[in-house]
Amino acid sequence: MAKATPEGWMARALQLARHGLYTSDPNPRVGCVLVNGGHVVGEGWHRRAGEAHAEIHALRAAGDNARGATAYVTLEPCAHHGRTGPCAQALIDAGVVTVIVAMQDPNSLVAGRGLAMLREAGVSVEVGLLEDAARALNPGFIARMSRDRPFVRLKMAMSLDGRTAMASGESQWITGPSARTEVQRLRARSSAIMTGVESVIFDNSRLTLRADQLGLEDGEAIAARQPLRVVVDTRLRMPLAAACLREPGRTLIATCSDDAARRQSLEEAGAQIVVLACDRTGRVDLEALLRYLASQESCNEVLLETGATLAGAMLDAGLIDEMQLFVAPTLLGGEARPLFALPGLARMAQQRALHIDDIRAVGHDWRIIARPDNGA
């Protein structure tokens, strides 16, 4: 139970918001706690897009006890009509007298308008309580709204000597079951899983969310929402028999090829093709792809699961926001495949700096969470 303090009640709202970690996409994860007379009278969180927002669930739970209450909300209440009505107006109509918000909504449709609506109605408003924790809960939604591209999280499994596969391409399995469960949970929270065509050719990965590996009670319901599968394939080399083309959900192939016949064959096999501009190297423009995923697919978080070439290109372009590196206590040797392809690094001054946020054991393996120094 949260402590009877503003910080404690906001911490409870954040805890509630986390219930939507795997289900609220493409909407943000939001929690709300209503307090009246020093007691919690209503709680709620946003479960799925198109359904009631966190504030509405809390108001329904509180009933008449909402009048005179204080609302603790992890994100600014909306002020616009979407698939649901404006939550700011619902709080006003219910007689809530104070609204404490962790962070302002970066969505231009809201962006302070909800706060203004509340203040104009005479509601006392405070912003910024546990803001860092609220921002950490929705990195993808914030990225999509503020910079027009998703939050990109790179996942790679490697040996202790930094190798990801044997020279032949064989890679299953470097890490153990606990690490693979964590990877499934990363997939579950993501809007899309992105890889390069080489990874599909060598591994024939399904790129799917597997309920039996999630280790969650509601795994079946979570796995029903399969993330979009995105394959970067400059020259349309995707095998027509690729396993991911036969899985539930969609497989999108990003290319800059003008081969109409090959495109038709892949579409008939179940793929969706998007043709983008080439970059200066003649490959798919990766930043343009991310902007497409944000604007056309409403992708908040993209999980990059790929080989050294695409991983290196994304890192070199400053497009990776976070790395989750699973390190197994094993050695694959110098002939095995490296973590990143970063050609042109000849001097120590050219090394790529990382900021380590967390290191912890996951079963018999280790997980390193790091952020590249992208010059931000």
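Q: What volume does the largest cavity have?
A: The largest cavity comes to about 60 Å³. A cavity here is a set of points, on a 1 Å grid over the protein atoms alone, where a 1.4 Å probe fits but cannot get out. The volume is the space filled by probe spheres set on the points, with grid points joined across faces, edges and corners.

Q: Before we go on, what sort of model is this?
A: It's a predicted model: local features need pLDDT of at least 70, side-chain atom pairs count only at pLDDT 80 or more, and totals for chains, interfaces and linings use all residues. Residues are numbered from 1 along each chain as its sequence is written, and side-chain values use heavy atoms, leaving out hydrogens and water.

Q: Back to the hole, then. How many cavities of 30 Å³ or more are there?
A: The structure has one cavity of 30 Å³ or more.

Q: Which residues line the largest cavity?
A: The lining, meaning residues with an atom within 4 Å of a point, includes Ser24, Asp25, Leu137, Phe141, Asn300 and Glu301.

Q: Which helix gives the most to that lining?
A: Helix α6 (residues 139–147) does, with three residues. Helices (H or I, at least four residues) and strands (E, at least two) are DSSP runs, numbered from the N terminus.

Q: New topic: sheets. What's the strand order in the open sheet of five strands?
A: The order is β2-β1-β3-β4-β5, and the pairing is mixed. Two strands pair if DSSP finds at least two bridges between them.

Q: Which strands stand at the edges?
A: β2 (39–45) and β5 (124–127) do; each has a single partner strand, so one side of each is left without a neighbour in the sheet. Neighbouring strands of this sheet are turned by 15 degrees against each other on average, direction ignored.

Q: In which sense do β3 and β4 pair, parallel or antiparallel?
A: Parallel: β3 (residues 70–73) and β4 (residues 98–101) share four bridges. Val73 stands opposite Val101 in β4.

Q: And which strands does helix α2 lie across?
A: Helix α2 (residues 54–62) lies across β1 (31–36), β2 and β3, at about 140 degrees to β2. Helix α4 (residues 113–120) packs on the sheet too, touching β4 and β5. Contact means heavy atoms within 4.5 Å. Axes are lines fitted to C-alpha atoms, for helices over the stretch in contact, and angles run from 0 to 180 degrees between N-to-C directions.

Q: What about hairpins: which strands form one, with two residues between them?
A: β15 and β16 do, and Gly363 in the turn has a positive phi of about 65 degrees. Those strands, residues 354–362 and 365–372, pair in the antiparallel sense over eight bridges. Ile359 stands opposite Ile368 in β16.

Q: Okay, cysteines. Which ones form a disulfide?
A: Cys256 and Cys278, with sulfur atoms 2.4 Å apart. The cut-off for a disulfide is a pair of cysteine sulfur atoms within 2.5 Å, and the count comes to one.

Q: Why is it called right-handed?
A: The torsion about the S-S bond of Cys256 and Cys278 is about 105 degrees, so the disulfide is right-handed.

Q: Is Cys256 buried or exposed?
A: Cys256 counts as buried, at 17% relative accessibility, while Cys278 at 39% counts as partly exposed. Buried means under 20% relative accessible area, exposed over 50%, partly exposed in between (1.4 Å probe, protein chains only).

How values were computed: On a 1 Å grid over the protein atoms alone, a cavity is a set of points where a 1.4 Å probe fits but cannot get out, and a pocket is an open set with protein on both sides within 12 Å along at least five of seven lines; lining residues have an atom within 4 Å of a point.
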